[in-house]
Amino acid sequence: EWPAPMLRRSFSLDKDIKKARVYISGLGYYELSINGEKVGDQVLAPSFTSYDKTVLYQTFDVTNALQKGENAVGVVLGNGWYNCSTQEVWLFKQAPWRSHPKLLFQMHIEYKDGDRQVIVSDTNWRGTTGPIVYDSLRNGETYDARLEIDGWTQPGFDDQSWENARITRPPGGVLRCQQMTPIRVTQTIKPISLKEVRKGVWVYDLGQSISGWAKIRVSGQAGTEIVLKYSENLAEDGDIDPSNIDIFVKSGEFQTDRYILKGEGIEEWEPRFTYHGFRYVQMTGFDGVPTLDNLEGRVVHTDFEVRGEFECSNELFNTIQKCSRWSTLTNYHGMPTDCPHREKNGWTGDAALSAEQTILNFHPGTTYTKWLKDFIDAQRPNGQLPGIIPTGGWGYNWGSGPAWDSAIILITWNVYLYYGDTSILKDMYDSMKKYVDYIAYMANDHIVEFGLGDWCPPRAEGYTHNSCPTAITDTAYYYIDTYILSKVASILNKEEDAQRYAKLAQDIRQAFRDKFVDIDAGEVTGNSQTALACVLYQGLVDREEASGILVTLEDEIKRYDYHLDCGILGTKYIMHALTEYERSDLAYAMANQTTYPSWGHWIAQGATTLWEDWDGVGSRNHHMYGDISAWFYKGLAGINPDPEKPGFKHIIIKPNPVGDLKWVNAWHQSMYGKILSNWSLDNDQFNLQVSIPPNTTATVHLPTKDKDGIKVNGQDINQVHGIRIIDSTDRRVVVSIGSGEYSFTIKM
């Protein structure tokens, strides 16, 4: 719990500079300045890894930051994940890598005359401490502005009173370049209200649950201490109530920042080496009466490029979509976390369930690539994985299991499916294989049961209280993992492995069917929504066998008055399974509820992000129920990838006009270009606008059985060159199209 180290190095350049680059890793976090200016716009860097396995460094072109003559480099270091001093249940305080902050630095300078110079982190650097007197990822940051040292990152500063830096041992991990989207401050939010709840206790409401911190603008006497505490809930008296999120942090203050004024006019401050999850900020210590202008919220997360948008005529769905996006962004800080406040952990199951919607909405490709390498670092020699990654050692024997661990298979496959990237398959293959072999070791006659099951089902009276046996979901994941591994082996021309795992997958499937499924009765053990939907979603019955199970599932849905009776696993299964089996009407009815348990029930209670559980007693910023957003794109707008031609080389467009929807607009920016699917209902006419990128093709499933009633761009479909009817059923006419823009009209 030492103050943040400040390190500086001055040097003189006497020749014209052609180019200069800096390679830097400061653990846990660092901020680099050259000649008084911060380098880069990233924060909370470098990204978290198992530091005894991998350490990330970043590269910057600093040519324009240097000058002929005197120069100075300054680096301030934060503790971050590297030096967690907080006692909490995940034991990061006992992490094997834990140590004091440290710096590795190289600046490579090339002069115009061809000479080169390298400046490195050595004992020529000078160090001291300054105004950041405390920083902890889970507790917060304390800044004493009276201890600021003006000009310390600028040339000409006198550092003779500082100490020489010392060489220290490295964390032990292999150095790798951080090639991923950085964390940035992406928005600034003005509060919508301010209330004095007790004398001198003020609570700001941002109107939106975010991740990040508050920035303050204050004035007062030197030594005045302003305390900021963060929460996502309010107590009855209007004060903050962090009781739902502070339960696992056992030492120090929770989500608390402190600023001590220097007493020199208007002072602006925001923390650098912590972040919080919050909507409300309690301010104490302010001298006088604060206003809305004294504080603003700084939104901080991995700065994903937007790759998709969805909107429709159902305003509830639009609000759920907005909440899904907020939960996704505010839970990505170099890795997908479960929540930005209580834990900040990289829970594997949450991320696997949420991966498709994250890819459809944003561009997480580089960040998934990085995080999957963290799986390799965390995997034990026998293939075992922990429930949180990275981990300091916690989570191998609780919090894991196939429903969580399968992230190593499923996210790898999703990156391949949505980007067409075979390199991720090559990089992850050995670890994927090792994991499937580990499950095989844990199986008993191909049935698996260990770890977590259908997490956070409804708890209210009358609900089934997670009646789906863990053996059902576990064994289903074992099957799908093995099936995917066989496909990956085939793609990578590992034919012996492909055949072996394909055979194993079929054996698992048969064992599952023998133990849990009664095809004739249309039943699955327990007949819970999760179990029934699992069998359909994971392909554990053939299509022609599914009708009885589908009827039983419909009966279960009706029994709960078209409400979900699922935890996070079943909720993903059920929406897609119903849609796949042409019962999107049931999926729509469940998604459109506003009473418990439902997404709409959260919205009715003022949610601005998705919650951890249907009851709202836990975290109120989780993304693990966020796959509803993927269903919006896939199930309503109908934008679907084709596993046989990944990366949207071939696109499946399958819109579903359903319920009281009048229109849907959606697009996704694929690697080939923008895919667009907009549809509307105008009286008895269905209108579909589709845009297919260059160098791709698409199959469009039109919601009609009348081949003769289809017009394309105003012409009869049979008269349009390049469009071919390839199938028709009693529900759909299926057509093949190439790249271009199309307008379909159908009399319904």
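Tutor: Bearing in mind that this is a predicted model, the protein exposes about 28300 Å², and carbon and sulfur atoms supply 45% of that area.

Student: And what share of the residues is buried?

Tutor: Buried residues make up 61% of the 748 residues in the protein.

Student: What about secondary structure, how many helices and strands are there?

Tutor: The protein has 14 helices and 33 strands. Its radius of gyration is 28 Å, close to the 27 Å that the globule rule gives for 748 residues, so the protein is as compact as a globular protein of that length. Along the principal axes, the C-alpha trace spans about 85 × 65 × 60 Å.

Student: Which of its residues are buried, and what do they pack against?

Tutor: Among the buried residues of α8 are Tyr501, Leu504, Ile508, Phe512 and Phe516, and the list also includes Asp497, Arg509 and Arg513. The buried residues of the helix pack against α6 (422–442), α7 (470–491) and α9 (529–537), as well as against the strands β23 (517–518) and β24 (523–524).

Student: Switching to aromatics, how many pairs are there?

Tutor: The count comes to 44 aromatic pairs, taking rings whose centres lie within 6.5 Å. In one of them, the rings of Phe48 and Tyr51 have their centres 5.7 Å apart and their planes at 45 degrees, so this pair is tilted. Both Phe48 and Tyr51 are buried.

Student: And how is the pair of Trp90 and Phe248 arranged?

Tutor: Trp90 and Phe248 form an edge-to-face pair, with 5.6 Å from centre to centre and 75 degrees between the planes. The pair links distant parts of the chain, 158 residues apart, since Trp90 lies in the loop between β6 (69–78) and β7 (102–111), while Phe248 lies in the loop between β17 (225–231) and β18 (256–260).

Student: Where do those two stand on burial?

Tutor: Trp90, at 2% relative accessibility, counts as buried, whereas Phe248, at 24%, counts as partly exposed.

Student: Which residues do ring pairs link into a cluster?

Tutor: Phe48, Tyr51, Trp81, Tyr82, Phe92 and Trp97 are linked into a cluster by ring pairs.

Student: Last one, where do charged side chains sit over rings?

Tutor: One of these is Arg380, whose charged end sits over the ring of Tyr396 at 3.8 Å from its centre, and another is Lys15, which lies over the face of Tyr111 at 5.0 Å from the ring centre.

Key:
Residues numbered from 1 in each chain as written. Predicted model: local features only at pLDDT ≥ 70, side-chain atom pairs only at ≥ 80, totals over all residues. Heavy atoms only, no water. Phe/Tyr/Trp six-rings, centres within 6.5 Å; stacked < 30°, edge-to-face > 60°. Buried < 20%, exposed > 50% of the residue type's maximum accessible area, 1.4 Å probe, protein only. Helix = DSSP H or I, 4+ residues; strand = E, 2+ residues; numbered from the N terminus. Lys NZ or Arg CZ within 6 Å of the ring centre and 35° of its normal. Contact = heavy atoms within 4.5 Å. Rg over C-alpha atoms; globule rule 2.2 N^0.38 Å. Areas by Shrake-Rupley, 256 points an atom, 1.4 Å probe, with all protein chains shown as cover.
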